[in-house]
Structures are given as structure tokens and as C-alpha cells.
Number of protein chains: 2
Amino acid sequence: MISKSHIKLIKSLQQKKFRDELNLFVVEGEKMVQESLQWKSEYLVDLYHTSDSIIGEKQFESKNPNLITEQELKQISSLQTPNKSLAVFRKWSNSAEKLPFYIALDGVQDPGNMGTIMRLADWFGVKKILCSKETVDCFNPKVVQSTMGAIFRIEVEYVDLAKTFESLNLPVFGALLEGENIYSKSMKPNGILLLGNEGKGITENLQKSINFPISIPRFGEAESLNVSTAGAILLSEFFRNK
Amino acid sequence: MISKSHIKLIKSLQQKKFRDELNLFVVEGEKMVQESLQWKSEYLVDLYHTSDSIIGEKQFESKNPNLITEQELKQISSLQTPNKSLAVFRKWSNSAEKLPFYIALDGVQDPGNMGTIMRLADWFGVKKILCSKETVDCFNPKVVQSTMGAIFRIEVEYVDLAKTFESLNLPVFGALLEGENIYSKSMKPNGILLLGNEGKGITENLQKSINFPISIPRFGEAESLNVSTAGAILLSEFFRNK
């Protein structure tokens, strides 16, 4: 069973405005919900599952899951094909620890790209992503789903990038179309890898903060690379000598 | 103006069955249509544009574009936000030329991944992608749009991969979770880079065709990488020594 007011609340969390106001967000699908409970169970607010979900099983009893019908799950889900369980989480705060390496995103808009970059960070062990305020919200349901669990392990912070770069005092490597060939440069994961918006790249103002403009050499005809594949190649270059 | 029968025909091309039967496919949006005319104009069948599209301008007159209303464009478009022009193309045939390097896809399903991998191929100058019959159709409208023009420059062939590998007689590098560390191996773009399905990876049977199992080392916690970002990193490793 789920009350009308809970349905309304959960659906409202599809919008950034309400996620910010209530400090809550939604995780969906059997595998993602399991990962969320494994990594961040202390932030769990509400847990829903259909009768065929493993969330109904004994080991999840201490989380007080609510049994709902498939019809009810459909009402609260943002997925085209709702998948057995849904959890509402309180957002957690980020640590203030200074790290040796960051990814910074200047206005990445596509939720799929954002989620993929978070998954990449999680693969390479990058613990924090710094984002300009124009970057898509990491608690957007589409981002959450496409992180494949990285959302529970990677911190994302929305900041004034120029100011943050200054205070971190780390070298800034900016992905530009006319930068130094990354293959002729030996890079170590010490600094900030800055990636720009899908269409416009890095904003002119922020380009001033770049210490090392870097580029992936092109051997064919494509005008550009997708920001998440470019990010993948650049991250790999930073970590290959680790 | 556009006739009812043409509306029906163009809409039918959203389905693979009709694309195969009629040997036609659709390109949409101002920028993509322009690229299609630049690279493959000899295969153009029909061209439609709204009054505010540059396709209506003098330099495109020889292509006999049809002026339609925004309402009509909406009727034939597969995009959520139709964008000024739409072209119907005849599919072209692939060349039989033997190449030094191929990408091979074993059952990639997501149109966005397929388009992104084609765009990557286009960036690195890989001219042909070999696909198992289970791989998503490269003329799927979502694939076409996400290639950002690579569809006009890269050949995609649907084949029996095991047989084709045998006849090409090139070393097969298979992306697996337990393969050789790519960073400790110097690879040249001579061979076949084989990537598997999003969830299941490379089918067991085809794994027998792999000469060099390769892996991207993991430094963090993520279970896996998205196939297009993994492909990006692997391609970069092949081309970095070129």
C-alpha cells in the first residue's frame, strides 16, 4: 500500500526543484536499489517493492520495505518499464577532503553523458566530480539510473569552477580541440581534468583557468567526439602510467 | 506539400522491416541533412524542408527540395523536436576492399552506443565496422542521429563474425573483463577490435575466435564500463602509437 500523498511526493522528486527543496531523490530498479542499500543504507527514507522483488525477502526485513502492487509501482516510477523496487533516499553531504585528482564538468547537459562520466570516474577511482552550476543535476532520475551505482560511491559538487580551481591550486588540464597532443605528453593523475558542454565546449571565461590545453589527435573525419568518450580516453591517459 | 502515401512510406521507415524491404532510410535535422548532401547526395531520394530551413536556399535548388509545413514535418519526423528538414536516402553498398583494421560488434543493442561507436570509428579513421546479425541496425533513426554524420563516412556490415574473422585472417583483440592489461601491451591498428553486448559481453562461441583477450585496468569500484567508453579507451590505445 502507498498513500496518495506519498505518490505525489515521490513523483515530485522527478523535478530538480523538489529534490533540492526536500533534499531527497529516487533510486529505481532491483539492481540499483540493492546497490543503494549496500553502500548508503543509512540514508534510506522509504523502500517499496512488488511481490516478486527480492527486496521482500528476509535479509531486507530490517529496512521495513513496503509491499506495493505493480500498478502502484507504475504510478511512482519514472521508468518506461518499472522494475520491481524503488527507494527514496536522503542526499548525503560531501567530504571536504582535498584530493590529488578531480574531474570538472562545465555545463554537461545530457543525463546519459553525466551518468556515464560518473561511471568512468568510479572505474578509474576518481572520488569527486566538480560541476559548474549549469551542469545537469546528478540526482536527476536518468542520471542516477545511468551511473550503474557510481552515484553511491562518487561525490558530485556544484560550485563556481574558477574560484574552486584557484583554491585547490592544482594544474587544470582542459579538453580543447586545439590543445597539446595527449599521446606526446606523459600525464599523471595529479590535477583537474576539465570537460565542457556537449555543443559549446568549455566557456570562454573558464578557458583562462586552463594551465594545460590538451587534445585527442584525430585520424579520421569526425568533427568531434562525444564528451563521455573523450572523457574516457583522457582519463585513460592520466591513469595508464599510474 | 506531401502526399498521404509519402507520409505513410516515410513513417514506415522507422521500422527495420520496411527499411530492409525498401532499401531506404531517413536522415533528419538541418545539420545532418546538410552532411548527408555533402557526402552521399547521389543516393538522395527525397528532400523535405520547412520555410525557415536553409535547404530552401539557392544552393540546394538542384536537389529539388519539397517545401512542407511544420505540421507536415511533425507527421513524418521521428524526433521529439523536428528540426527543419528531412531526407530519404537509398542505402549504399559497401566496398569489398580489405582493410588493416576493423571494429567488430557482437550484439550491441543500444542505438546510442552504436551511434557513438560509429562516431569514434570516424574520429580514429576506422573505415568499417563488422556486426553480428544481432547488433542494432545502423539505419535505425536513433543510430543515424547519434552518429553525428559518421553514417555517411563509415561502412557497417552485418555478417557471421566467426566466419568473417577466419577469412580476414587478422588478429582478433577481444575486450573481456579478464584479459591482458592494455597498458602493458603495445598495440598497433592492425587487426580486429571485438566488443560485446552491453549486458552479456562477447558470446561464448565467439570468444573462441579471440587471439588476444584485452582489458582496461580498473582502479575504482565500478563493475563495468559502458561499451562505447570502453571502445573509446581501446581504440585510443591502438592509435596512440600510430
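## The four-stranded sheet of chain B

In chain B, 4 strands build an open sheet with mixed pairing, in the order E1-E4-E2-E3. Helices (H or I, at least four residues) and strands (E, at least two) are DSSP runs, numbered from the N terminus. Two strands pair if DSSP finds at least two bridges between them. Strand E1 (24-28) and strand E3 (66-67) of chain B stand at the edges with a single partner strand each, so one side of each has no neighbour in the sheet.

E1(B) and strand E4 (residues 85-90) of chain B are antiparallel and share 5 bridges. B:Phe25 is opposite B:Phe89 in E4(B). Helix H3 (residues 30-40) of chain B packs on this sheet. H3(B) touches E1, strand E2 (44-49) and E4 of chain B, and its direction makes about 35° with that of E4(B). Such angles run from 0 to 180 degrees between N-to-C directions, and the axes are lines fitted to C-alpha atoms, for helices over the stretch in contact.

## About the model

This is a predicted model: local features need pLDDT of at least 70, side-chain atom pairs count only at pLDDT 80 or more, and totals for chains, interfaces and linings use all residues. Residues are numbered from 1 along each chain as its sequence is written, while chains are lettered from A and ligands numbered from 1 in the order in which they are written.

## The sheet of chain A

Chain A has an open sheet of 4 strands in the order E1-E4-E2-E3, again with mixed pairing. Its edge strands are E1 and strand E3 (66-67) of chain A, and each pairs on one side only.

E4(A) has antiparallel partners. E1(A) joins E4(A) through 5 bridges. Here A:Val26 has A:Val88 as its bridge partner. E2(A) also runs antiparallel to E4(A), with 5 bridges. A:Asp46 stands opposite A:Val88, and A:His49 has A:Ser85 as its bridge partner in E4(A). E4(A) is mostly covered, with 5 of its 6 residues buried. A residue is buried if 20 or more other C-beta atoms lie within 10 Å of its own, exposed if 12 or fewer, and partly exposed in between; C-beta atoms are placed from the backbone.

## Helix H3 of chain A

H3(A) lies across E1, E2 and E4 of chain A, at about 35° to E4(A). Within H3(A) (residues 30-40), A:Met32, A:Val33, A:Glu35, A:Ser36 and A:Leu37 are buried. Their cover includes strand E1 (24-28), strand E2 (44-49), strand E4 (85-90) and helix H6 (141-146) of chain A.

An α-helix has 3.6 residues a turn, so residues three or four places apart point the same way.

In chain A, 14 residues of domain 1 are in contact with 9 residues of domain 2. Contact means that the C-beta atoms of two residues, placed from the backbone, lie within 7 Å. On the domain 1 side, helix H2 (16-22), E1 and H3 of chain A each supply at least two residues. H3(A) gives the most, with 5 residues. By class, this side has 5 nonpolar, 4 polar and 5 charged residues. Ala, Val, Leu, Ile, Met, Phe, Trp, Tyr, Cys and Pro count as nonpolar, Asp, Glu, Lys and Arg as charged, and the others, Gly among them, as polar.

## Where the chains meet

The contact between the chains takes 28 residues from chain B and 28 residues from chain A. On the chain B side, the elements that give two or more residues are helix H5 (111-124) and helix H9 (227-239) of chain B. H5(B) has the largest share, 7 residues. The side of chain B that touches chain A divides into 12 nonpolar, 8 polar and 8 charged residues.

Strand E8 (residues 172-181) of chain B runs parallel to strand E9 (residues 191-196) of chain B, with 3 bridges. B:Val172 stands opposite B:Ile192 in E9(B). E8(B) also pairs in the parallel sense with strand E10 (residues 212-215) of chain B, over 5 bridges. There B:Phe173 has B:Phe212 as its bridge partner.

The largest nonpolar core has 142 residues. Such a core is a set of buried Ala, Val, Leu, Ile, Met, Phe, Trp, Tyr and Cys residues joined through C-beta atoms within 7 Å. A:Ile103, A:Ala121, A:Leu193, B:Ile103, B:Ala121 and B:Leu193 touch the most other members. Not counting residues up to four places away in sequence, A:Leu193 touches A:Ile103, A:Ala104, A:Phe173, A:Leu234, A:Leu235 and A:Phe238.
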